[in-house]
Amino acid sequence: MNSMNMMSLYDFLGRAAGPELGREVAQAASKAGVKSEMREIANPKYSGSVMLYPKAFLDLYFKGSINESTNKQLLKG
């Protein structure tokens, strides 16, 4: 993990998020201007790329607290 504490949805939720929730989070991050990264993984259940987001963004997203003022704070990161 880097200084921004990047996490996948699986790491954050403790379970697979699924494609629909993954798309919703990716769209919210893009709209908010939040930088994301990709990681390649391979395990018995999934092999491929996963998106990584700052933990602060995921905390706010899942609390329903994403708005324009929080976006500016996240971008300062």
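In this predicted model, helices α2 and α3 are roughly perpendicular to each other, because their packing angle of about 110° falls within the range of 65 to 115 degrees that counts as such. Helix α2 covers residues 19-32 and helix α3 residues 55-63, and their axes lie 11 Å apart. The crossing of the two helices is right-handed.

On the α2 side, the contact is formed by Leu 21, Glu 24, Val 25, Ala 28 and Ala 29, while α3 contributes Phe 57, Leu 58, Tyr 61 and Phe 62. By class, these contact residues comprise 8 nonpolar and 1 charged, with no polar residue.

The largest pocket has a volume of about 580 Å³. Its lining consists of 20 residues, of which Tyr 10, Ala 16, Ala 17, Tyr 46 and Val 50 are the closest to the pocket centre. Helices α1 (9-13) and α2, together with strands β2 (37-42) and β3 (47-54), each supply at least two residues of this lining.

The residue classes of the two sites are tabulated below.

Technical notes: Residues are numbered from 1 along each chain as its sequence is written. This is a predicted model: local features need pLDDT of at least 70, side-chain atom pairs count only at pLDDT 80 or more; totals for chains, interfaces and linings use all residues. Side-chain values use heavy atoms; hydrogens and water are left out. Axes are lines fitted to C-alpha atoms, for helices over the stretch in contact, and angles run from 0 to 180 degrees between N-to-C directions. Helices (H or I, at least four residues) and strands (E, at least two) are DSSP runs, numbered from the N terminus. Angles under 35 degrees count as roughly parallel, over 145 as roughly antiparallel, 65 to 115 as roughly perpendicular and the rest as oblique. A crossing is left-handed if the near helix is turned anticlockwise from the far one by less than a right angle, and right-handed if clockwise. Contact means heavy atoms within 4.5 Å. Ala, Val, Leu, Ile, Met, Phe, Trp, Tyr, Cys and Pro count as nonpolar, Asp, Glu, Lys and Arg as charged, and the others, Gly among them, as polar. On a 1 Å grid over the protein atoms alone, a cavity is a set of points where a 1.4 Å probe fits but cannot get out, and a pocket is an open set with protein on both sides within 12 Å along at least five of seven lines; lining residues have an atom within 4 Å of a point. Grid points are joined across faces, edges and corners, and a volume is the space filled by probe spheres set on the points.
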